[in-house]
Amino acid sequence: MFREITLGQYYPVDSIIHRLDPRVKLMGTLVFLAALFVVNSWTMYGVAALVLAILIKSSNVPFRFMTKGLKSILVLLLISVSFNLFLTPGEPIVQFGILKISREGLEIAFKMGIRLVLLVLGSSLMTLTTTPNQLTDGMEKGLGIFKKIGVPVHEISMMMSIALRFIPILVEETDKIMKAQQARGADFESGNIIDRAKAMVPILVPLFISAFRRANDLAMAMEARCYHGGEGRTKMKPLRYAGRDIIAYLLMIMYLAACIASRFVDLI
Amino acid sequence: MKIIEAIHLAYDYIRTDENDKVIERTRALNDVNLSIEEGSFVCILGHNGSGKSTLAKLINGLNLPSEGTMLVSSRDTKNEKELWDIRKETGMVFQNPDNQIIASVVEEDVGFGPENIGIPTAEIWERVNKALHAVGMEAYRMKSPNRLSGGQKQRVAIAGTMAMIPKTIVLDEPTAMLDPSGRAEVIRTVKELNKTQGVTIILITHYMEETVDADRIIVMDKGKMVMDGTPGEVFKNVKELKEIRMDVPEVTELAWILKNEGMPVPDSVLTREELVSHLEKCLPKQADFQPDFVKKKPEHMDITDPVMRVRNLSHVYQKGTAMESYALKDVSFDVQRGSIVGFIGHTGSGKSTLTQHLNGLLKATDGAIEVNFRDNSALFKTDGKTKTKNVNADTAAFRGGKLISDMSESIKMNPDNTCNEGADKSKNIAVFREEPLHEGMERGNGTGFVNIYADGFDMKQLRFKVGLVFQYPEYQLFEIDVLTDVMFGPKNQGLSQEEARKRAEEALKMVGLGEEFWKKSPFELSGGQKRRVAIAGVLAMHPEVLILDEPTAGLDPAGRDDLFRQIRSLHDKVGMTIILVSHSMDDVARYTDQVIVLDHGELRMTGTPEEIFKRYKELEEMGLGAPQMTYLIHDLKDVGIRFEDRPDTVEEMAHCIVDLWKRYNKEEHGEDRASGKEAR
């Protein structure tokens with residue numbers, strides 16, 4: 001049941017997107033997300049979708065693999081869409097009792113849905129094409145300025161990359177523990193909210209214990225491999241901007257500018 | 001040159017309370033003096049808690065000695081300035097493959113060590129390439145570690161240490177969590193590194209077969225070194241090793257028994273070839289010399305009374321798409337009541353998927369599973385009655401429960417174990433066999449068998465009848481004390497607190513955990529004890545069928561023996577049907593009555609262990625093997641010594657060989673005498 005989570009799972013193929021500098025991809029994701037909230041016209045949503053489609057196509061990640069990530073936010077998506085759908089005041093089109101759907105509501109809900117889908121696809125494109133290590137390297141280097149004011153940038157990024165590495169392992173473990181408790185007659189499906197919360201205890205306790213045990217083992221393995229913080233560390237894959245990264249930055253600026261401009265020009 | 005030297009080494013584990021006051025001091029290592037030559041291959045044996053892992057951590061400077069000195073290349077591990085140099089040249093590989101890989105891509109993980117010690121980028125790449133080549137994992141360099149098999153993950157971990165260009169690699173039970181092919185893969189890699197790169201290897205292991213080729217074996221017990229020498233020298237002491245509950249390789253044990261019986265076999269035979277060459281000289285090659293060994297057939301194999309019938313079971317993932325794949329394909333077999341069935345197959349053959357179907361955790365895409373328990377009454381959801389009431393009715397009718405509690409008495413009453421249930425019990429097993437229709441079925445559909453996929457079937461009730469003990473079941477423990485944890489299952493059955501408690505106590509006694517353990521936290525116990533608590537947790541539900549998925553994985557030889565003895569006694573005393581999923585062909589040969597071989601989701605063979613292991617060539621094609629003794633029989637056959645009945649345990653084999661040897665000698669001497677008379 002947890003296997004659908006694709007966040008943080010790297011998809012190992014080669015493509016122009018994979019080869020981009022992680023800093024570019026981080027910045028690109030930010031720009032893309034920001035732009036989604038800037039634009040408000042159907043045309044520009046179309047443009048955003050088109051841009052994303054081109055990016056996905058050139059990333060060589062199968063589209064099917066990307067949409068798997070959407071399943072996990074389906075509930076969230078439905079909730080936010082239906083809130084907008086039913087609670088936006090305006091000229092009603094359909095009415096069931098107290099629930100009414102207005103034309104405005106329909107439009108806002110639809111845009112909201114598109115926005116969320118694009119948002120998730122856009123950010124999962126980043127995590128799918130960037131290894132967690134690259135990602136954290138990118139953050140470490142990109143946020144390097146904060147190091148000067150005492151923010152442990154290296155430690156934070158190391159923690160993140162380890163967390164990402166262990167997500168699939170712990171997901172699998174949760175699955176296993178759930179089945180084991182079910183085999184002892186545990187019931188996770190019936191009962192009220194309190195019963196269900198109680199039913200989580202037999203899963204959560206072993207899961208936490210296992211996480212601590214793994215953390216302990218991992219710390220020892222890291223120490224045995226001479227890890228002693230960020231000081232004096234070299235990089236196997238140091239970050240260097242290439243020509244394509246500059247071009248990517250330029251395209252990004254152009255895209256953002258176009259999105260902002262679209263707010264002021266009525267034509268599009 | 002000595003690369004590692006321990007002088008009067010001692011180490012204490014210290015437990016402190018909140019105020020840093022010492023509560024407990026446990027001596028894990030005591031006065032160890034040891035020196036290891038550069039380039040050698042050393043194995044360290046010893047059961048859990050003997051101090052071998054502690055020693056490993058001392059070598060790498062992860063632990064610092066409480067007393068004495070540890071020198072690595074003449075550097076003292078206590079000297080903080082040299083600690084990183086010591087760790088650089090002493091790589092460590094740990095037991096759990098998942099918990100030592102840091103990066104999400106293989107090559108980045110291999111580069112982690114060199115990055116830490118500040119190697120320039122170009123050289124890191126060079127080292128990573130070399131290290132991956134050395135362990136044969138170049139093809140996987142861009143893969144995610146999560147997609148690798150256990151053996152491959154361990155090879156990545158070894159590459160990670162190789163990239164530091166170490167002089168020594170210490171491997172702390174690197175194969176304990178792997179399947180046989182993964183184990184072979186890791187050991188092959190390690191041996192190769194030792195030979196071609198001259199790396200000193202210190203291998204800590206429970207598997208005796210892995211130590212046979214070592215230059216030297218060190219046996220540890222209670223924090224001390226008790227034996228030290230070449231494999232030949234160490235395995236000479238079979239009796240001493242058994243006393244400290246260690247195993248010896250099966251061939252060595254067999255040779256030792258034969259020698260004690262007076263046969264001309266030397267001390268410490270390590271390989272099959274060696275043993276065959278000795279036996280060749282003293283055993284007859286004529287066809288008329290057959291050992292009169294007749295293997296007892298388990299009685300219930302003649303009676304057809306299945307407790308479960310699996311019919312054309314299939315499980316398809318993503319049916320109807322291009323990605324369609326079979327986890328199980330058209331599997332059919334019977335599980336006889338009171339038998340021990342072994343499921344074998346390599347990792348990914350569908351064994352675990354199959355077991356999860358048997359207790360309803362997974363639902364088949366096609367096919368049926370029919371069950372016929374001693375009491376089927378609670379298996380259907382009934383309207384109008386509450387579940388709890390139903391379950392209580394079930395317990396009252398459950399004879400297995402009474403059986404368990406009254407067992408010790410009835411065994412005393414019937415020392416020969418012919419009638420398992422006391423005369424005062426309403427019915428006994430034999431009666432059930434004659435009429436599988438019993439009162440519980442009146443509410444069912446009138447036949448003895450119930451399809452678990454029928455309408456209204458209660459899967460939850462099935463899970464109480466078919467107890468499933470997962471691999472590493474100790475990871476599911478969660479309660480504050482042992483007793484409460486074991487009560488979890490019975491309470492889910494809807495039993496009262498007292499009844500659940502009674503069941504829990506009974507189950508704990510059955511797995512050999514006495515009262516002194518009941519109030520302890522499950523997390524304070526040793527690995528083997530934890531596992532027994534987890535098994536008790538399933539037994540307390542009074543299942544009629546018990547499925548054990550790799551029950552001995554990761555245990556030491558003593559723990560393995562203990563656990564199997566308990567499983568055996570469960571079967572013998574309570575008549576519980578047991579399904580054993582195992583990678584160990586030796587265990588399957590020794591303990592099961594019927595074997596089911598799975599390969600790529602299909603049932604490839606089924607039969608008695610003898611029938612199955614006769615076809616060992618086919619098993620090998622599936623990436624499986626056969627018990628050591630099967631191989632020995634075939635080797636002997638190749639030199640003309642034949643065994644028609646197939647003994648498959650060491651004891652049976654020894655019995656056979658000795659018997660054959662004695663008769664042959666007698667006859668030969670007889671002939672000598674006879675011919676002598678004629679001559680006169």
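**Note on the predicted model of chains A and B**

1. Chain A contains 10 helices and two strands, where helices (H or I, at least four residues) and strands (E, at least two) are DSSP runs numbered from the N terminus. The order along the sequence is α-α-α-α-α-β-β-α-α-α-α-α. This is a predicted model, in which local features need pLDDT of at least 70 and side-chain atom pairs count only at pLDDT 80 or more, while totals for chains, interfaces and linings use all residues. Residues are numbered from 1 along each chain as its sequence is written, and chains are lettered from A and ligands numbered from 1 in the order in which they are written.

2. The C-alpha trace of chain A spans about 65 × 60 × 40 Å along its principal axes. Of its 268 residues, 29% count as buried; a residue is buried if 20 or more other C-beta atoms, placed from the backbone, lie within 10 Å of its own. Among the contacts in chain A with a separation of 6 or more, 75% join residues 24 or more positions apart, a contact being two residues whose C-beta atoms, placed from the backbone, lie within 7 Å.

3. The domain assignment divides chain A into domain 1 (1-130 + 240-268) and domain 2 (131-237); such bounds come from an automatic or database domain assignment. The centres of domain 1 and domain 2 of chain A, taken over C-alpha atoms, are separated by 27 Å. In chain A, 10 residues of domain 1 are in contact with 15 residues of domain 2. The side of domain 1 that touches domain 2 has five nonpolar, three polar and two charged residues. In this classification Ala, Val, Leu, Ile, Met, Phe, Trp, Tyr, Cys and Pro count as nonpolar, Asp, Glu, Lys and Arg as charged, and the others, Gly among them, as polar.

4. In chain A, helix H3 (residues 42-59) and helix H6 (residues 103-129) have axes that come within 11 Å and cross at roughly 25°. Axes are lines fitted to C-alpha atoms, for helices over the stretch in contact, and angles run from 0 to 180 degrees between N-to-C directions. H3(A) and H6(A) are therefore roughly parallel to each other; angles under 35 degrees count as roughly parallel, over 145 as roughly antiparallel, 65 to 115 as roughly perpendicular and the rest as oblique. H3(A) passes H6(A) in a left-handed crossing, the term for a near helix turned anticlockwise from the far one by less than a right angle, with right-handed used if clockwise. By class, the contact of H3(A) with H6(A) has 10 nonpolar residues, three polar and one charged.

5. Chain B comprises 25 helices and 20 strands. Of the 680 residues of chain B, 49% count as buried. Residues 24 or more positions apart supply 69% of the contacts in chain B with a separation of 6 or more.

6. Helix H11 (residues 272-282) and helix H24 (residues 628-638) of chain B pack at an angle of about 45°, their axes 10 Å apart. H11(B) and H24(B) are therefore oblique to each other, and their crossing is right-handed. Arg272(B), Val276(B) and Leu279(B) of H11(B) meet Tyr631(B), Leu632(B), Asp635(B) and Leu636(B) of H24(B). The contact of H11(B) with H24(B) has five nonpolar, no polar and two charged residues.

Technical notes:
Buried ≥ 20, exposed ≤ 12 C-beta atoms within 10 Å, placed from the backbone.
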